Amino acid sequence: MFNELRTAEKVVGAKQVKRALRDKKVRWVFLAKDADPRVTQPIVELCAQHAVQMATIPRMKDLGEACGISVGAAVVAIF
C-alpha cells in the first residue's frame with residue numbers, strides 16, 4: 001500500500017484529510033510517527049469513527065517523499 005502513494009489519488013495535509021474523511025472518500029490513511037500528536041490525533045479519531053484503516057510511517061520526510069513532494073507530510077489519505 002505504501003508504494004501506491006506516488007500514483008494513487010490522494011490528499012496531503014491534515015485539513016484536506018479531515019475533509020475527505022468527513023465526505024467518506026478515504027480508503028486508507030498514512031500517519032507519520034514523528035508528526036505532532038495535536039495534528040494526528042483528530043485524524044485517528046475520525047478514522048475510527050468512519051472505520052478507515054491506518055498505517056504509520058516512521059518519519060514525515062519519508063511520507064512526503066513517498067507522495068512525490070519535497071517536504072515532509074504528517075498525514076496522507078488515498079481514495
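A residue counts as buried when its relative accessible area is under 20%. By that cut-off, 39% of the 79 residues of the protein chain are buried. Keep in mind that the model is predicted.

**Select the whole chain.** Show it as a cartoon. The protein chain holds 3 helices and 4 strands. Trace it from the N terminus: the elements run β-α-β-α-β-α-β.

**Switch to C-alpha atoms.** They fill a box of roughly 30 × 25 × 20 Å along the principal axes. The radius of gyration is 11 Å; a compact globule with 79 residues would have one near 12 Å, so the two agree.

**Show the surface.** The accessible surface comes to about 4,700 Å². Carbon and sulfur atoms account for 50% of that area. Now colour by charge. There are 13 positive and 8 negative side chains. The centres of the two sets lie 3 Å apart.

**Select residues 60-67.** This is helix α3. Which of its residues are buried? Pick Leu63, Gly64, Ala66 and Cys67. Look down the axis: these residues cover an arc of only 160 degrees, which puts them on the same side of α3. An α-helix has 3.6 residues a turn, so residues three or four places apart point the same way.

What covers the buried residues of α3? The cover includes strands β1 (10-12), β2 (28-32), β3 (53-57) and β4 (75-78).

**Finish at Gly68.** This residue follows α3. Check its backbone: phi is positive, near 85 degrees.

Technical notes: Residues numbered from 1 in each chain as written. Predicted model: local features only at pLDDT ≥ 70, side-chain atom pairs only at ≥ 80, totals over all residues. Heavy atoms only, no water. Helix = DSSP H or I, 4+ residues; strand = E, 2+ residues; numbered from the N terminus. Rg over C-alpha atoms; globule rule 2.2 N^0.38 Å. Buried < 20%, exposed > 50% of the residue type's maximum accessible area, 1.4 Å probe, protein only. Areas by Shrake-Rupley, 256 points an atom, 1.4 Å probe, with all protein chains shown as cover. Lys, Arg positive; Asp, Glu negative; His and termini not counted. Charge placed at Lys NZ, Arg CZ, Asp CG, Glu CD. Arc of directions from axis to C-beta. Contact = heavy atoms within 4.5 Å.
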